[in-house]
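Dear colleague,

I am handing over a structure for you to look through, and my notes on what was found in it follow below. Please read them with the model open beside you.

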Amino acid sequence: MSRVNVRQPARILLCCGSSGSGKSEHVKRLLAKTSRALVWDTEDEYSERGWTRVTTLRGLIDATRGVTRARVAYVARSARFGDWARVALAWGHCTAVAEEIASVTGPGKAPDGWGDLVRRGRKYTVRVIGITQRPAESDKTIVANATTIRCGALHRARDAAYMAAEMGIDAERITRLEPLEWLQLQRSPRKITEGRLKFP
């Protein structure tokens with residue numbers, strides 16, 4: 001039986017905002033509801049109870065191959081980003097989170113592995129989440145394919161203007177955001193919501 005399901009809807013979230021805007025906290029809350037996740041963990045911040053931390057490609061493959069339930073954080077050099085993305089696509093039926101994509105992508109075409117994950121992930125039931133402080137410096141593939149964009153405060157005018165254009169809103173709405181406040185665009189059906197990240 002084929003692993004590919006072309007009828008699966010895309011689930012791609014781009015989460016952006018300056019440092020301290022609540023991006024990672026929001027994503028961690030989403031991940032708390034899944035038992036099958038793979039994170040590109042640039043800052044080694046997912047190594048907590050319930051997560052498997054790996055630092056080698058072999059460790060990443062071993063942590064996912066034939067495993068039904070796992071939450072794996074991959075802490076590795078930037079050169080391994082494409083390998084991480086390929087493993088996520090091969091594993092399938094998971095949530096794949098890439099922390100700070102501006103560190104491993106540029107504003108042009110998405111790098112090998114990552115581009116495939118973003119474009120083809122839905123067919124393998126992969127929910128893709130990209131996180132960045134600098135959306136204008138991140139690849140356009142995830143921006144173009146994102147089904148949801150969540151934007152927190154952006155301190156740089158260029159980033160705010162870039163995201164405002166992508167979300168179809170006035171840039172001032174983004175520049176006025178306070179820490180932990182957010183605007184969210186759902187592309188289909190189009191809907192803009194806003195709020196503030198709250199802590200217990």
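For sorting residues, Ala, Val, Leu, Ile, Met, Phe, Trp, Tyr, Cys and Pro count as nonpolar, Asp, Glu, Lys and Arg as charged, and the others, Gly among them, as polar. By that scheme the lining of the largest pocket divides into 1 nonpolar, 6 polar and 7 charged residues. A pocket here is an open set of points on a 1 Å grid over the protein atoms alone, where a 1.4 Å probe fits, with protein on both sides within 12 Å along at least five of seven lines, and lining residues have an atom within 4 Å of a point.

This is a predicted model, in which local features need pLDDT of at least 70 and side-chain atom pairs count only at pLDDT 80 or more, while totals for chains, interfaces and linings use all residues. Residues are numbered from 1 along each chain as its sequence is written, and side-chain values use heavy atoms, with hydrogens and water left out.

Of the 14 residues that line the largest pocket, the closest to its centre include Ser-24 and Glu-45.

Lys-28 and Glu-45 form a salt bridge (a side-chain nitrogen of Lys or Arg within 4 Å of a carboxyl oxygen of Asp or Glu), at 3.5 Å from N to O. Because Lys-28 lies in α1 and Glu-45 in the loop between β2 and β3, the pair ties together parts that are 17 residues apart in sequence.

Best wishes

How values were computed:
Helices (H or I, at least four residues) and strands (E, at least two) are DSSP runs, numbered from the N terminus.
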